[in-house]
Amino acid sequence: MSGFAELFSEYNVLAAFGMTLILTVFSAIGALLIGTIVAILRVSPVAALRFFGTAYVTLVRNTPLTLIVVFCAFGFLNFMGVRLLPESSSLMAQNAAWCVVALSIYHASFVAEAIRSGINTVPVGQAEAARAIGLNFGQTLGQVVLPQAFRGAIAPLGNTLIALTKNTTVVAAVGVAEAALMMKNMIEFNPDYMFAIFGIVALGFVILTLPVGVMFTNLSRKLTVQR
């Protein structure tokens with residue numbers, strides 16, 4: 001127990017996991033917005049839009065997340081000098097903002113596929129009925145198809161959110177002070193407490209992800225569309 005006490009007194013564990021939580025929340029919002037747009041493109045009646053949506057999912061999903069994070073943080077921020085936050089913000093805050101962009105772009109491909117799978121669960125007859133009463137493609141999608149698609153995609157969206165939470169550890173590569181970077185520093189300066197360090201980090205991620213899994217499982221059961 002003395003090892004745990006020493007680690008907690010020497011390192012700000014709550015702040016590190018707080019940064020992980022901030023990255024998760026903002027990246028999840030970004031991924032949901034981008035992913036919804038990409039999913040709409042993938043089912044669009046316009047061939048060029050379908051091609052763009054498919055190309056986005058195929059390219060991004062098969063690109064290593066580390067590469068996207070490093071490209072955003074070092075390419076856009078350090079090399080091109082593109083800042084997402086005010087000039088007065090610290091370098092770590094600027095890095096964190098670009099990491100949110102990178103995480104959003106990457107996980108949007110998985111969100112798009114989850115939503116598209118939800119769209120595929122909606123009977124074709126409902127879309128045809130909506131078109132028959134005079135709704136255009138956008139109205140049919142927004143008023144008939146997407147509400148049911150989101151309900152059908154709750155479980156895979158929950159899995160994507162859990163994966164996003166764990167994938168925030170990648171941003172340690174660009175110096176954002178979240179849980180993985182804290183673990184690296186702990187191991188470097190306190191190697192004698194290796195098992196205690198792993199226990200703290202593992203427990204932290206369990207606390208972050210377990211409630212999400214339970215919540216999305218319950219939502220999936222309650223909101224499942226009965227066919």
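This is a predicted model: local features need pLDDT of at least 70, side-chain atom pairs count only at pLDDT 80 or more; totals for chains, interfaces and linings use all residues.
Which residue has its backbone oxygen 2.7 Å from a polar atom of the side chain of Ser-109? Hello, and thanks for having me.

Let's begin with the nonpolar core. In soluble globular proteins, nonpolar side chains tend to be buried together. Here, the largest nonpolar core has 39 residues. Those with the most contacts inside it are Leu-23, Val-69, Cys-99, Ile-115, Val-171 and Val-176. Several helices build this core: α2 (13-42), α3 (47-61), α4 (65-79), α5 (91-120), α7 (137-152) and α8 (154-167) each bring at least two residues to it. The largest share comes from α5, with 13 residues.

Setting aside neighbours within four places in sequence, Val-171 touches Leu-23, Val-69, Cys-99, Leu-103, Val-176 and Glu-178.

Ser-109 sits in helix α5. Is Ser-109 buried or exposed? Ser-109 counts as buried because its relative accessible area is 0%, and the cut-off for buried is under 20%. And the residue I asked about is Tyr-106: its backbone oxygen lies 2.7 Å from a polar atom of the Ser-109 side chain. Beyond the neighbours within four places in sequence, Ser-109 is in contact with Tyr-56, Val-57, Val-60 and Arg-61.

Next, the pockets. Rolling a probe the size of a water molecule over the atoms shows where empty space is left. The largest pocket has a volume of about 290 Å³. Its lining has 13 residues, and Val-124, Ala-127, Phe-137, Thr-140 and Val-145 are the ones nearest its centre. Helices α5, α6 (124-132) and α7 each give at least two residues to that lining. By class, the lining of the largest pocket holds 9 nonpolar, 2 polar and 2 charged residues.

What about the second largest pocket? Its space comes to about 220 Å³. Among the residues lining the second largest pocket are Ala-28, His-107, Phe-150, Thr-160 and Phe-216. Two or more lining residues come from each of α2, α5 and α8. How many charged residues are in this lining? There are no charged residues, with 10 nonpolar and 2 polar making up the lining of the second largest pocket.

That's my tour, and I'm happy to take questions.

Methods. Residues are numbered from 1 along each chain as its sequence is written. Side-chain values use heavy atoms; hydrogens and water are left out. A nonpolar core is a set of buried Ala, Val, Leu, Ile, Met, Phe, Trp, Tyr and Cys residues joined through side-chain atoms within 4.5 Å. Buried means under 20% relative accessible area, exposed over 50%, partly exposed in between (1.4 Å probe, protein chains only). Helices (H or I, at least four residues) and strands (E, at least two) are DSSP runs, numbered from the N terminus. Contact means heavy atoms within 4.5 Å. On a 1 Å grid over the protein atoms alone, a cavity is a set of points where a 1.4 Å probe fits but cannot get out, and a pocket is an open set with protein on both sides within 12 Å along at least five of seven lines; lining residues have an atom within 4 Å of a point. Grid points are joined across faces, edges and corners, and a volume is the space filled by probe spheres set on the points. Ala, Val, Leu, Ile, Met, Phe, Trp, Tyr, Cys and Pro count as nonpolar, Asp, Glu, Lys and Arg as charged, and the others, Gly among them, as polar. A polar contact is a pair of N or O atoms within 3.5 Å; within protein, one must be able to donate a hydrogen and the other to accept it, and residues adjacent in sequence count only if both atoms are side-chain atoms.
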